[in-house]
Amino acid sequence: MIYERLRGQYPTVTIDGWWGLDDPFARMIGSVLVQNTTWSNASKALTRMQGEEMLAADILARQTPEKLIPVIHSAGFQQRKAETIIRLSAWLVDLGGIDKAASTALETEVLRRQLLSIKGIGEETADTILAYVFLRPAISGDAYARRLHERLTGERGTYGPIRSAMMAQLHTPDELGLLHALIVEHGKETCRKRSPQCSTCSLQPFCQHAHVSADQERTGA
């Protein structure tokens, strides 16, 4: 229901258009760079890495943090992110590359556990990589998803249960990847953190937050 309604509200959203990247490895590194910052800042760092001819796993796996830090400065938290990118790249090289990871030889949960074992890779980043780099059935229960869940149900939710609930409704990588893109777009355009635009929301009939807000407006509360 959520998937269909958001697709109807944002018919032009596509996975490639939402990312602005079609290179899987760039998406992988971008998923680290965007931690605790905006995509604009992460994108600047990616562009700088491309200009320095660093955006390849075998190259990054041999880098030192000291060489990478000034290149990714715009993304913030440079020391931590540089170390994470180097570890992630080394893991990918050892694994045999993106094509090997994207194949069905490794089960998705095994791949997820390996990603989570890399220092600096949390659940949100791991699930983003699974979905958009390795094209596995995965989705991130990130802040946008948690906000939407809380407003729809009136209940707070944590990462794991929200992720599981979304994966119980959709099963293919394409559907799950697009759902996350739609939720993020919805969170930016309509279900904003502040001043949500409930009157234009396709999910309004099922949203507890919208109902409470409407009641408060009627009573002047």
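**Close-up views of a predicted model**

**View 1. Arg 27 and Asp 16 meet side chain to side chain.** In this predicted model, the two side chains make a polar contact at 2.5 Å. Arg 27 sits in helix 3, which covers residues 24–33. Is Arg 27 buried or exposed? With a relative accessibility of 6%, Arg 27 counts as buried, because the cut-off for buried is under 20%. Leaving aside residues up to four places away in sequence, Arg 27 touches Ile 15, Asp 16, Trp 19, Leu 21, Asp 22, Tyr 132 and Val 133.

**View 2. Helix 11 crosses helix 12.** Here we're looking at residues 143–153 (helix 11) and residues 159–169 (helix 12), whose axes come within 10 Å and cross at roughly 80°. That angle makes helix 11 roughly perpendicular to helix 12. Which residues make the contact? Helix 11 brings Ala 145, Arg 146 and His 149, while helix 12 brings Tyr 159, Ile 162 and Met 166. Sorted by type, the contact has four nonpolar residues, one polar and one charged.

**View 3. Here's the largest nonpolar core, with 65 residues.** In soluble globular proteins, nonpolar side chains tend to be buried together. In this core, the residues that touch the most other members are Leu 33, Leu 68, Trp 91, Leu 115 and Phe 134. Helix 7 (residues 78–95) gives the largest share of the core, seven residues.

**View 4. Zooming in on Leu 33, one of those core residues.** What does Leu 33 touch, not counting residues up to four places away in sequence? Its contacts are Ala 42, Ala 45, Leu 46, Met 49, Ile 72, Ala 75, Lys 81 and Ile 85.

Methods. Residues numbered from 1 in each chain as written. Predicted model: local features only at pLDDT ≥ 70, side-chain atom pairs only at ≥ 80, totals over all residues. Heavy atoms only, no water. Helix = DSSP H or I, 4+ residues; strand = E, 2+ residues; numbered from the N terminus. Buried < 20%, exposed > 50% of the residue type's maximum accessible area, 1.4 Å probe, protein only. Polar contact = N/O pair within 3.5 Å; in protein donor to acceptor, adjacent residues only side chain to side chain. Contact = heavy atoms within 4.5 Å. Axes fitted to C-alpha atoms, helices over the stretch in contact; angles between N-to-C directions. Parallel < 35°, antiparallel > 145°, perpendicular 65-115°, else oblique. Nonpolar A, V, L, I, M, F, W, Y, C, P; charged D, E, K, R; others polar. Core = buried A, V, L, I, M, F, W, Y, C linked by side-chain atoms within 4.5 Å.
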